[in-house]
Amino acid sequence: QAEKKQLIAQFNPHFLFNTLETIRYLILTKPTEASDLILKTTQLLRYSLHQADELVYLKHDLEYTRLYCEIQKTRFAEKFDYMLNLSDDTLNQRVPKLLLQPIIENSIIHGFKQKNKLSVTILGKIESDRIKISISDNGHGIGLDKLEEINRMIKEKTNNSNHQGIYNVYKRLYLVYEDELEFDIQSNENGTIFNVSFPRG
């Protein structure tokens, strides 16, 4: 339990600083949009700081993810787009909190490198009594050396690097599902896809 809480606390608040800068700009130019962005940010923070439940319904985590993506869409405008498409039977499944957002954040931080536009797609379904989720982007991709380092951390279940987001998602999932977890990353210069699969619950 202590390790799970510590992993949640390690998530990078980098996007919050950028969001506050966006709000500061919008207050002068588009006050209505600034007000809407403040409301979304407040809702997002309320969810992320509330840790009463170890597991949450996927539909609640999905709504948190939607808020996060809308904030990023306000920030990047036409340079960022996203699609959330999860089957109805997945939405009432209970999953570890903050399952999707850190991976999307990783796509945004690294995906824009050498790319002017970024699109993120989240798909989810239940198949063979397992929840299967994929998060893909059309960004610059993860470098081979970094991808090997991430895969080594996952294999060894030890993180001695600065790469927190992806590893933390993996580790929190592993603490719940252990060897029943499948966690796969594929990446090249045309984008990255994360495939996650675990038993329905």
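**Labels and their cut-offs**

Modeller: The crossing of H4 and H5 is right-handed. This is a predicted model, where local features need pLDDT of at least 70, side-chain atom pairs count only at pLDDT 80 or more, and totals for chains, interfaces and linings use all residues. Residues are numbered from 1 along each chain as its sequence is written, and side-chain values use heavy atoms, with hydrogens and water left out.

Biologist: What makes a crossing right-handed?

Modeller: The near helix is turned clockwise from the far one by less than a right angle; anticlockwise makes it left-handed. The crossing of H3 and H4 is left-handed.

Biologist: Why are H4 and H5 called roughly parallel?

Modeller: Their axes cross at roughly 20° and come within 10 Å. Angles under 35 degrees count as roughly parallel, over 145 as roughly antiparallel, 65 to 115 as roughly perpendicular and the rest as oblique. H4 and H5 are therefore roughly parallel to each other.

Biologist: Which residues meet between H4 and H5?

Modeller: Contact means heavy atoms within 4.5 Å. From H4 come Tyr64, Thr65, Tyr68, Cys69, Gln72 and Phe76; from H5, Gln101, Ile104, Glu105 and Ile108. By class, this contact has six nonpolar, three polar and one charged residues.

Biologist: Why does Gln101 count as buried?

Modeller: Buried means under 20% relative accessible area, exposed over 50%, partly exposed in between (1.4 Å probe, protein chains only). Gln101 has 3% relative accessibility, so Gln101 counts as buried. Leaving out residues up to four places away in sequence, Gln101 touches Phe15, Tyr64, Thr65 and Tyr68.

Biologist: And what makes Gly143 partly exposed?

Modeller: Gly143 counts as partly exposed because its relative accessibility is 41%. Gly143 is found in the loop between strand S5 (130-137) and helix H6 (144-156).

Biologist: At what angle do H3 and H4 pack?

Modeller: About 145°, with their axes 10 Å apart. Among the H3 residues in this contact are Leu37, Leu44 and Tyr47, and H4 supplies residues including Tyr64, Leu67 and Ile71. By class, the contact of H3 with H4 has seven nonpolar, five polar and four charged residues.

Methods: Axes are lines fitted to C-alpha atoms, for helices over the stretch in contact, and angles run from 0 to 180 degrees between N-to-C directions. Helices (H or I, at least four residues) and strands (E, at least two) are DSSP runs, numbered from the N terminus. Ala, Val, Leu, Ile, Met, Phe, Trp, Tyr, Cys and Pro count as nonpolar, Asp, Glu, Lys and Arg as charged, and the others, Gly among them, as polar.
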